[in-house]
Amino acid sequence: MVSATTYHLIEGLFACEDRGRPELKGVTTSLTLYRVEKASEAQRFEVVVRRGLTPLIGRDPEFGLLQERWAA
């Protein structure tokens with residue numbers, strides 16, 4: 001589950017399902033949550049071009065860790 005803020009950062013890179021605004025124990029702010037379902041079929045380059053995201057230059061270790069964690 002990810003917040004709306006994170007969802008907007010990964011939109012297009014992952015398929016996500018809107019889970020609404022459930023009540024969360026101990027959380028007073030209402031949050032829209034999204035369930036990450038799978039990696040998108042789109043290539044990162046396609047998404048970057050479409051959304052204008054900055055590339056992960058010099059972030060090979062971090063990107064590798066993200067890919068590793070996602071695969072797990």
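Accessible areas come from the Shrake-Rupley method with a 1.4 Å probe; for residues, only the protein chains shown count as cover.

This is a predicted model, in which local features need pLDDT of at least 70, side-chain atom pairs count only at pLDDT 80 or more, and totals for chains, interfaces and linings use all residues. Residues are numbered from 1 along each chain as its sequence is written, and side-chain values use heavy atoms, with hydrogens and water left out.

**Exercise 1. Describe the surface and fold of the protein chain.**

Step 1. The protein chain exposes about 5900 Å². Carbon and sulfur atoms supply 54% of that area.

Step 2. Count the elements: three helices and three strands. (Helices, H or I, have at least four residues and strands, E, at least two; both are DSSP runs, numbered from the N terminus.)

Step 3. Along the sequence, the pattern reads β-α-β-β-α-α.

Step 4. Of 72 residues, 12% count as buried. (Buried means under 20% relative accessible area, exposed over 50%, partly exposed in between, with a 1.4 Å probe and protein chains only.)

**Exercise 2. Is threonine 32 buried or exposed, and what does it touch?**

Step 1. Locate threonine 32: the loop between strand E2 (14-18) and strand E3 (33-39).

Step 2. Its relative accessible area is 16%, so threonine 32 is buried.

Step 3. List the contacts (heavy atoms within 4.5 Å). Leaving out residues up to four places away in sequence, threonine 32 touches Val2, Ser3, Ala4, Asp18, Gly20 and Arg21.

**Exercise 3. Classify valine 27.**

Step 1. Valine 27 also lies in the loop between E2 and E3.

Step 2. Valine 27 is partly exposed because its relative accessible area is 38%.
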